[in-house]
Structures are given as C-alpha cells and as structure tokens.
Amino acid sequence: DCTMYVHRIEPILGINEVHHIVAFKAVNNLGACPFSCYDMPQVTGFIWAWAVGGDPLSLSSEMAIPLGGISDAPHLLLQIHYDNYFLKPGLTDPGSGIRIHYRPERPSSGV
C-alpha cells in the first residue's frame, strides 16, 4: 500500500533565523507553491513540530508515524516561520526543511 513508517524527523536549518517548523497532514497533494500560513488548505492534522532549542524526534523501534500510502496522512504540508530579529536586509533561506527517516515495515506494536 506504499505507506511508510517514520521513526525519526530532523530539522534542517539553512539560516539561523528559522524560528519554528511545523509538519501537517494533508489529504491532497497541494503542490510546491507557497501560500499564506493563515490559509492552510485541506490540512487534516498535525504530524510534528520543531522550535528553537528543540531536538529531532526519535521514536523507539516499536513506534512510528504512518505517512503516505493509505495512511491518514497521504501528503505532508510543511510550514516554516522565521524571526529576523535584527532586520537583516535581503535575507533568504537557501534550504531549510526536514529530513524524514522511515521504514517500509509497520512496527511490531502496530503503533
């Protein structure tokens, strides 16, 4: 069924001004076009979040987050917010995001 089982999620910080990252569940593929964080189309739930000072999420081998396939999260929507406290002009992010570690096998506990 192509469902993958996520056991670790890590933030990738392209710049120091990343304030927080949130991963949401989505039932439809929303493409790669950016949109306002106040207009979160077809978001159906929460998967994971990171904020300044936080650690990656690591689950035990008995646990995982189902993602893709026939799970309740066939698509993931990523939201990244920034805090340009010092008002640096021309600030751009060369590639912040997340790294997802997954297995094709469902955990033995089924969770």
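Student: Leaving aside its neighbours within four places in sequence, which residues is Lys-25 in contact with?

Tutor: Good place to start, and do keep in mind that this is a predicted model. Lys-25 is in contact with Gln-42, Val-43, Thr-44, Gly-45, Phe-46, Ile-47, Asp-72, Ala-73 and His-75, with neighbours within four places in sequence set aside. Lys-25 itself is found in strand β2.

Student: Does Lys-25 count as buried or exposed, and what makes you say that?

Tutor: Set the value against the cut-off. Buried means under 20% relative accessible area, and Lys-25 has 17% relative accessibility, so Lys-25 counts as buried.

Student: Then what about Glu-10, buried or exposed?

Tutor: Glu-10 has a relative accessibility of 15%, and because the limit for buried is under 20%, Glu-10 counts as buried. You will find Glu-10 in strand β1, which covers residues 4-12. Not counting residues up to four places away in sequence, Glu-10 touches Trp-48, Pro-56, Gly-97, Ile-98, Arg-99 and His-101.

Student: What makes the link between the side chains of Glu-10 and Arg-8 a polar contact?

Tutor: The distance is 2.8 Å, and a polar contact asks for a pair of N or O atoms within 3.5 Å, one able to donate a hydrogen and the other to accept it. The pair therefore qualifies as a polar contact.

Student: Which strands does β1 pair with, and how do you know that they pair?

Tutor: Two strands count as paired if there are at least two bridges between them. β1 has seven bridges to β7 (residues 97-103), three to β5 (residues 65-67) and two to β4 (residues 57-58). Each of these counts reaches the limit of at least two, so β1 pairs with β7, β5 and β4. The sense is antiparallel with β7, with β5 and with β4. To find them in the structure, look for Ile-9 opposite Ile-100 in β7, Tyr-5 opposite Pro-66 in β5 and Arg-8 opposite Ser-58 in β4.

Student: Why are β3 and β6 said to stand at the edges of their sheet?

Tutor: Three strands form an open sheet in the order β3-β2-β6, with antiparallel pairing. β3 (43-51) and β6 (75-82) each have a single partner strand, so one side of each is left without a neighbour in the sheet. From one strand to the next, the twist averages 20°. Strand β2 (residues 18-26) is joined to β6 by eight bridges, and Phe-24 stands opposite Leu-77 in β6.

Student: Why is the pair of Tyr-85 and Phe-86 given the name it has?

Tutor: A search of the whole structure finds one aromatic pair. The ring centres of Tyr-85 and Phe-86 are 5.0 Å apart, against a limit of within 6.5 Å, so the rings pair. Their planes stand at 90°, and planes over 60 degrees apart count as edge-to-face, so edge-to-face is the name. Both Tyr-85 and Phe-86 are exposed.

Student: Which residues touch the most other members of the largest nonpolar core?

Tutor: That core has 13 residues, and Ile-9, Ile-21, Ile-47, Trp-48 and Ile-98 touch the most other members. β1, β2, β3 and β5 are the elements that give two or more residues to this core. In soluble globular proteins, nonpolar side chains tend to be buried together.

How values were computed
Residues numbered from 1 in each chain as written. Predicted model: local features only at pLDDT ≥ 70, side-chain atom pairs only at ≥ 80, totals over all residues. Heavy atoms only, no water. Helix = DSSP H or I, 4+ residues; strand = E, 2+ residues; numbered from the N terminus. Buried < 20%, exposed > 50% of the residue type's maximum accessible area, 1.4 Å probe, protein only. Contact = heavy atoms within 4.5 Å. Axes fitted to C-alpha atoms, helices over the stretch in contact; angles between N-to-C directions. Phe/Tyr/Trp six-rings, centres within 6.5 Å; stacked < 30°, edge-to-face > 60°. Core = buried A, V, L, I, M, F, W, Y, C linked by side-chain atoms within 4.5 Å.
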